[in-house]
Amino acid sequence: GYRSRSAYKLQQLDETASLFDRNDTVVDLGAAPGGWLQVAAEHVGAGGTVVGVDLQRIRDLDPEADDWGDGDVANVETIRGDMTEAKTQDRLRETIGERGADVVVSDMAPNMTGEYSLDHARSVHLARQAFEVALDLLTPGGDLVVKVFQGRDLEALQEDIEAEFEYVRVVSPPASRDSSSEVYLVAKGRMTAPVETGD
Ligand code: SAM
């Protein structure tokens with residue numbers, strides 16, 4: 001089975017927006033305990049690659065022990081680190097390599113304080129981090145999915161993402177409607193190639 005109920009959200013997002021193709025390379029930010037990794041690994045299949053990053057250690061994904069997938073699942077690599085830190089971003093970039101990523105998904109969420117405007121601001125900060133990683137790693141035509149708590153800074157974030165992708169939709173998957181104010185920005189079709197630094 002899946003390691004998290006969140007797995008069903010990613011299933012629904014993929015059904016809505018057809019995110020994954022076979023053999024894709026996928027980056028999953030805020031990946032622990034690994035439900036989204038399982039869903040992505042099934043969709044891209046054994047020819048694909050999925051790289052998960054989280055502050056928490058992610059237990060190795062074993063289709064047999066965890067009883068999921070049908071054997072045709074991607075190689076999954078995990079990185080333990082803070083995505084707001086340059087050293088974690090560097091490790092991710094090295095792991096992905098020259099080929100770049102076809103899809104970046106982020107389910108990162110801050111520790112909740114219960115103070116709504118603070119939780120919203122922290123969520124937007126993490127979402128912007130995911131957006132920057134997407135600009136760094138996504139191939140042209142690639143897709144980004146990012147979780148964010150609704151609030152006053154959502155619109156500006158959405159506009160910034162819209163400038164870089166063919167279109168952006170705000171999606172609230174049925175599996176997340178019971179809980180809270182979270183939505184997912186689904187950005188399809190990255191419009192330009194990653195910027196070459198030249199050195
Ligand atoms: N999608 C996951 C799944 O299906 O198993 C669930 C993700 S959970 C809702 C959010 C995760 O974001 C937590 O595991 C948390 O540790 C991680 N997170 C929050 N801030 C982070 C950061 N700065 N860098 C990396 N991971 C972070």
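Me: What makes helix H2 largely enclosed by the rest of the structure?
Reply: In this predicted model, 10 of the 10 residues of helix H2 (residues 35-44) are buried, so the helix is largely enclosed by the rest of the structure. Buried means that 20 or more other C-beta atoms, placed from the backbone, lie within 10 Å of the residue's own, and a helix here is a DSSP run of H or I with at least four residues, a strand a run of E with at least two, both numbered from the N terminus. As a predicted model, it must reach pLDDT of at least 70 for local features and 80 or more for side-chain atom pairs, while totals for chains, interfaces and linings use all residues. Residues are numbered from 1 along each chain as its sequence is written.

Me: What covers the buried residues of H2?
Reply: Among the covering elements are helix H1 (6-17), strand S1 (25-29) and strand S4 (101-106), where contact means C-beta atoms, placed from the backbone, within 7 Å.

Me: How do you know which side of H1 the buried residues are on?
Reply: In H1, Ser-6, Ala-7, Lys-9, Leu-10 and Leu-13 are buried. They cover an arc of only 155 degrees around the axis, which puts them on the same side of H1; the arc is that of the directions from the helix axis to the C-beta atoms.

Me: Which residues are the closest to the ligand?
Reply: The ligand is surrounded by 22 residues, the closest being Ser-4, Ser-6, Gly-30, Gly-35 and Asp-107, with a residue counted when its C-beta atom, placed from the backbone, lies within 6 Å. H1, H2 and S2 each supply at least two residues of this shell.

Notes
Buried ≥ 20, exposed ≤ 12 C-beta atoms within 10 Å, placed from the backbone. Contact = placed C-beta atoms within 7 Å.
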